[in-house]
Amino acid sequence: MPLMTTKPMFDLAYDGGFAIGAFNVNNMELAQAIVEACAAEKSPLILQISKGARKYAKMGYLKHIIDAAVEEYPWLPIAIHLDHGDTVDLVKTCVADGFTSVMLDGSHHPYEENVKITAEAVKAAHAAGVVVEAELGMLGGIEEDVVGMDAHEYEKNVEKFLTDPQQARDYWKRTGIDSLAVAIGTSHGAYKFKHESKLAFNRIEQIMETCPGLPLVMHGSSSVPEEFINLVNKYGGKMPNAKGVPEAQINEAVTKYGVCKVNIDTDLRLAMTAKIREVFATKPAEFDPRNYLGPAREAITGMVRRKLQANVLNCAGKAEAVIAQWKKLGSPLPAFYTGK
Ligand code: G3H
Ligand code: 13P
Ligand code: ZN
């Protein structure tokens with residue numbers, strides 16, 4: 001049963017010139033679309049669940065949907081990850097729910113507090129065989145809301161929010177994290193840049209130097225495809241000036257600078273919304289949810305399949321190698337699954 005932690009995935013991605021896509025799941029159609037795309041492309045994947053997703057869908061439902069996917073594709077390497085966990089208690093709950101990976105995001109706390117809660121989360125998760133991602137620096141979008149800053153104010157001052165390479169090393173050594181989410185100029189959501197997209201690739205390079213062997217994660221990595229924004233705007237939506245990270249820049253971060261995990265949520269939401277709007281506008285008599293959620297699911301599958309290709313994440317075809325690596329490590333699974 002290749003449900004696994006992210007370790008075998010990152011072992012290979014670290015210097016393999018590819019990254020694992022981490023896709024947010026909030027309902028059945030999203031989970032099915034993502035898993036179908038990754039199965040079709042034989043690509044390892046991370047299904048990630050936020051606190052908001054837990055609240056919206058209820059964890060029991062999400063867990064059973066993911067279990068169904070694991071049953072349907074038993075050869076597909078899948079990790080279940082908590083996205084932006086904000087407390088050690090939530091981390092512990094997710095470990096008890098069968099997550100194989102968790103994120104403790106203490107990046108909005110003062111540094112010493114971030115170190116303290118991250119180290120606590122690592123201790124609890126590792127004791128159960130679960131790996132931990134944490135974050136240093138500040139991304140735009142959701143996170144600037146925490147400190148009450150306008151998105152464009154963030155863009156103007158981005159330098160001072162980027163991850164500090166020396167601090168990253170201290171943080172890694174003091175907490176024992178397994179991967180690090182870095183702030184390199186990306187933002188969450190559909191409005192990432194007012195001007196041109198500009199990522200601080202040199203920061204990735206510097207952090208790779210101060211933290212050799214530590215897999216790096218890029219949040220806020222949706223590309224906000226024009227195709228979906230145009231559909232949304234054509235069919236009654238209002239998303240002017242939406243802008244994401246061009247796929248070529250994601251590819252550069254992955255293949256040239258070694259980023260191992262790329263988080264994508266906004267593009268899933270956009271694909272779903274665009275298709276549903278299109279059906280509603282072009283078939284106003286339609287009222288069977290299967291006839292708008294179905295096309296939405298198909299659009300998501302197509303979009304995810306494109307992201308797995310060599311010109312973006314380059315992880316299509318890597319499933320078999322990841323499974324071999326997992327077996328080489330002794331097929332490790334969290335205590336939830338082994339009862340040990
Ligand atoms: O980075 C955040 C993800 O897009 C999850 O968003 O908290 O609205 O589920 P959410
Ligand atoms: P996007 O908003 O760019 O999809 O980022 C998602 C993310 O980082 C989830 O943690
Ligand atoms: Zn994020």
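Predicted model: local features only at pLDDT ≥ 70, side-chain atom pairs only at ≥ 80, totals over all residues.
Student: How much of ligand 2 does the protein bury?

Tutor: Taken alone, ligand 2 exposes 310 Å², and the protein buries 97% of that, with areas computed by the Shrake-Rupley method using a 1.4 Å probe.

Student: Which conventions apply to these values?

Tutor: Local features need pLDDT of at least 70 and side-chain atom pairs count only at pLDDT 80 or more, whereas totals for chains, interfaces and linings use all residues. Side-chain values use heavy atoms, without hydrogens and water, residues are numbered from 1 along each chain as its sequence is written, and chains are lettered from A and ligands numbered from 1 in the order in which they are written.

Student: How do you know which residues are donors of the zinc ion (ligand 3)?

Tutor: Donors are N, O and S atoms within 2.8 Å of the metal (3.2 Å for Na, K and Ca), although water is not among the atoms, so sites may look incomplete. The protein donors are His84 (NE2), His188 (NE2) and His219 (ND1), lying 2.0 to 2.1 Å from the zinc ion, and therefore they meet the zinc cut-off. Along the chain, the donors follow the spacing H-x103-H-x30-H.

Student: Why are His188 and His219 called buried?

Tutor: Buried means under 20% relative accessible area, exposed over 50%, and partly exposed in between (1.4 Å probe, protein chains only). His188 has 13% and His219 has 1%, so both are buried by that definition.

Student: Is Asn241 buried or exposed, and how do you know?

Tutor: Asn241 has a relative accessible area of 68%, so the term is exposed. Its phi is near 65°, a positive value in a residue other than glycine.

Student: What is the phi of His84?

Tutor: His84, which is not a glycine, has a positive phi of about 55°, and its place is in strand β3, where strands (E, at least two residues) and helices (H or I, at least four) are DSSP runs numbered from the N terminus.
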